Amino acid sequence: MADEDIVQLFKLDIVVHGDRSRQKTFEPDPHHSDKRERVVTIWTRQGYLANNVYLEESPVGEQRVVKQIVPDKDNVARCFSELEFMGRLSRMTELRGDLLFVKFLGWFPSKDHVCFAMEYCQHGDISHCFPEPAAEQMVWTMCSQLMEGLSVLHELEITHRDIKPQNILVVQKEPLLVKIADFGISKRTMEGETSLRTRAGTKDYMAPEVHGLFDNTTESSSYTSAVDIWSLGCLLYYALTKQVPFPKYSDLHDYYWGLTPFPEALLRERGVSASGTEFIKGLLALSPDDRPKASIDLMSNWVVTATENVPVISRPQSRNDGATSRSSSDTAALSQNPPGQPTPPKKTTPVLSQVLIPTVSNVGQEDMDYYSYELWRLCKSPQSGVDQVRPLLESGASPNKLFEGHTALHHAAENGPAEIVRILLQYGADATLRTRPHLETAVHLITYQGDLETFSKKLQLLLDRGADINAQNADGDTGLHLAILRFGTTEPVTLLLDLGAIPEFVGRSGFTPLQYALSLNQERKATVLLQRGANPNAQDIHRRTPLHQAIASSKITLQFIERLLAAGADANLTDDENRSPLAEAHRKNRRDAIHLLINHGASSDLGDPALERQLQRAQSWWKLPWPFK
C-alpha cells in the first residue's frame, strides 16, 4: 500500500470546536449489507497530560490521548513520516493479532496542528507508575513483554530507536501489562530503503555505536536493531535501581575503553540475582554483534531467586473486527464482553431458574452540566423533537448522565419517538445503562407506549447498538414479561421471540413469561410462548406449574390445557401444598379437566384419602371412565 493510501486510511473525520471535537464514522448497517450508518461522537477535552498532549472523553466514557504537532517547515516531514510509520505498524500488527504496542487510532487536522489519536493507558509510563525501584519479579515480567514486542518489531525490520521508561506505558498493574509507545523516530530498514545512520534516541539509553564510539569499518557509521537491545538493558537497570547505568557520556566512554568495570554494584545492593545481573550485562554488550537477538526464549536465562513465582502473563487475544478500543478501569484498549445467557432448563425437568440481578443501594444521581440537563429534560417530554435535541448533542450534552434515576435515553425509550432514540444512540447513548433503583434498561422501557410500530423501531435500534434483549430488572422481569403485561396483542411477544428473547427467564413471583401470561389470563400470548418452546413444567416460588395455573383459571380454555399436556406437561407434579393438577381440577370443580388429566395418566394417589373419596364420588356422579381404588 502506498504511503499516501496509508495516510488517508487513518484519517479521521473530525471537526474541532474549542475543547470539543465532533467525529463522524460510518458503521455497517446490520440490516442492509450494502449500506452504512452514520455515527456521531462528541469528544470533550479533559485536560493536558503533557505539553501538546491531552486526554479527551466521549459521552459513553471512552478515553483517548491526542498528541498535537505543529506542522511547521522544520518538522512537517517528520510528522507525516511518523504518521505513515504508525499507520503501517498498526496494519501489520493488527493482521498478526499483536497487542504489544499502544494502539494508533488515526489522525486529524485542526486549525494549528496535526493531531494523532492514540489509546489511553491511565497508569502512565513506568517511571511515573513505579516511582520506587521495582522488585526483580516485576522487572522480569516487564522484560518478557518488551522482549516479545521488540522481537515483533525486528522481525518486521523496524527499529524503535528510543526505548526508555517514558515510552513504556502501563496498561494494568495487577498483573503487570505494558505496551511500547512513541514511534516518532522509529525506522524501517528493508532492501532498497535507507539504513540506520542518524544519531537518534535519548542520551542515557543510546548504544555506544549511536554515540559514535563503535568503530564499524565494514558498515561505515550505520547501526542495527541491536541499539534497541542496549536501550532495553538500560531500561531494566533503571527499573531495578532508579538510576541509569551510565549517567554521563564519560562513564560510557570509560566503560567502553575498559577503564572502568560494569556498574553492577548497585544491582547487588538491590538484591538482583546473579542471573539477572548477567542477563542485563549481556544486553549491554559493547559490540552490537555480541548482543542477543530479541526473543522471548531469552527469558529462560534469567532465573529469579525469590520465594514468589514470576507471574505468567497471558495477553488477551485481539479481535480483528475493526472495533474501536474502549476504556476500562485499566486501559481504554480493553473491553468487557457482555454476560452470557443462562441455558434454558429442559422441558422434562422442572427447574426454577435463578438469575443474578444487580442490586442498587441508592437512587442514581450524577452531577449534570447545563447541556446534559437540558437534553434530559427535553427527552422527558413526549412533545420534544429532533431539531431541539440535536443541537444539545452537538454542544457536548451527554445522553448517559443519570438524573433522578434515568438517562435521556431512558426517557426517550419510555415516551419519545423512535427518531429521538435513533439520534441519541447515534451520539453515543449507552443502550445497556439501567435506571435506578428499578434497574430497567431501555428495552424494558419501550414497552410502555403500547404502539407496535414504535416499539418495533425502537427495539431494533437498541439491539443494533448492543442492548440485551434478555436483560432483567430488579424484579427479574425481561422485556418479554413486560410486553405480555402492556400489549393487547401477541405481535410484540412474537417479535421479541424472533429477535432472540429466551422464554425461560424467571421474573416476579418466580414466573417465567409463560406462567406470567397465564397469571394474567392471556391465553393467546401463552399459546405463542408454548409454541415457541416455553417450558410447560416450569415451577414458580410455590412450585406451581403452568398446568396448575391453567386449571385454576376460569378463563383458560380446555383446549389450552390440552396443548400443555401435548407439549409435555407433567400431570403429576405437585406444588408446595402437595396438590397435583388433578387435585386442583377437583378443587375448581372442572370435570372437563379431570377427564382430560385422567386420559393423560394423572395418578390416583392424591396424598389425601378424603380427597380421593370425594373424587371417587365425583367420578360416579360425572360418569368419568376411570376406576378409583
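Predicted model: local features only at pLDDT ≥ 70, side-chain atom pairs only at ≥ 80, totals over all residues.
Student: Why is the pair of Tyr-370 and Tyr-371 called edge-to-face?

Tutor: A pair of aromatic rings is described by the distance of the centres and the angle of the planes. For Tyr-370 and Tyr-371 the centres are 5.4 Å apart, which is within the 6.5 Å limit for a pair, and the planes stand at 70°, which is over 60 degrees, so the pair is edge-to-face. The structure holds 14 aromatic pairs, and ring pairs also link Trp-230, Tyr-237, Phe-246, Tyr-255 and Phe-262 into a cluster.

Student: How do you know which accessibility class Tyr-370 and Tyr-371 each belong to?

Tutor: Tyr-370 has 57% relative accessibility, and because exposed means over 50%, Tyr-370 counts as exposed. Tyr-371 has a relative accessible area of 34%, which lies between the 20% and 50% limits, so Tyr-371 is partly exposed.

Student: Why is the contact between Glu-119 and Lys-179 called a salt bridge, and where in the chain are the two residues?

Tutor: The closest N and O atoms of Glu-119 and Lys-179 are 3.2 Å apart, and since the rule asks for a side-chain nitrogen within 4 Å of a carboxyl oxygen, the pair therefore qualifies as a salt bridge. It links distant parts of the chain, with Glu-119 in strand E7 (residues 114-119) and Lys-179 in strand E10 (residues 177-180), 60 residues apart. Both Glu-119 and Lys-179 are buried.

Student: What makes Lys-281 and Glu-264 a salt bridge, and are these residues buried or partly exposed?

Tutor: Their closest N and O atoms are 3.3 Å apart, again within the 4 Å limit. Lys-281 is in helix H9 (residues 274-283), whereas Glu-264 is in the loop between helix H7 (249-256) and helix H8 (265-269), 17 residues apart. Lys-281 has 25% relative accessibility, which lies between 20% and 50%, so Lys-281 counts as partly exposed. Glu-264, at 23% relative accessibility, counts as partly exposed because that value also lies between those limits.

Student: How many salt bridges does the rule give, and which residues are linked in a network?

Tutor: The count comes to 24 salt bridges, and a network of them links Arg-544, Asp-575, Glu-577, Arg-579, Glu-584 and Arg-587. Within that network, Glu-577 forms a salt bridge with Arg-579, their closest N and O atoms being 2.8 Å apart. Glu-577 has 57% relative accessibility, which is over 50%, so Glu-577 counts as exposed.

Student: Why is Ala-431 called buried, and which residues is Ala-431 in contact with?

Tutor: Ala-431 has a relative accessible area of 2%, and because buried means under 20%, Ala-431 is buried. Ala-431 is found in the loop between helix H13 (418-426) and helix H14 (442-445). Leaving aside neighbours within four places in sequence, Ala-431 is in contact with Leu-409, Leu-425, Thr-441, Leu-462, Arg-465 and Ala-467.

Student: How do you know whether His-113 is buried or exposed?

Tutor: His-113 has 17% relative accessibility, which is under 20%, so His-113 counts as buried. This residue lies in the loop between strand E6 (104-109) and E7, and its contacts beyond four places in sequence include Asn-52, Gln-68 and Phe-108.

Student: What does the UniProt record place at residues 404-436 and 438-474?

Tutor: The unreviewed UniProt entry places the feature "repeat: ANK" at several ranges, including these two. In the model, residues 404-436 are 52% helix and 0% strand, with the end C-alpha atoms 8 Å apart, while residues 438-474 are 46% helix and 0% strand, with the end C-alpha atoms 5 Å apart.

Conventions:
Residues numbered from 1 in each chain as written. Heavy atoms only, no water. Phe/Tyr/Trp six-rings, centres within 6.5 Å; stacked < 30°, edge-to-face > 60°. Buried < 20%, exposed > 50% of the residue type's maximum accessible area, 1.4 Å probe, protein only. UniProt positions renumbered as here; feature names shortened; annotations may be inferred. Helix = DSSP H or I, 4+ residues; strand = E, 2+ residues; numbered from the N terminus. Contact = heavy atoms within 4.5 Å.
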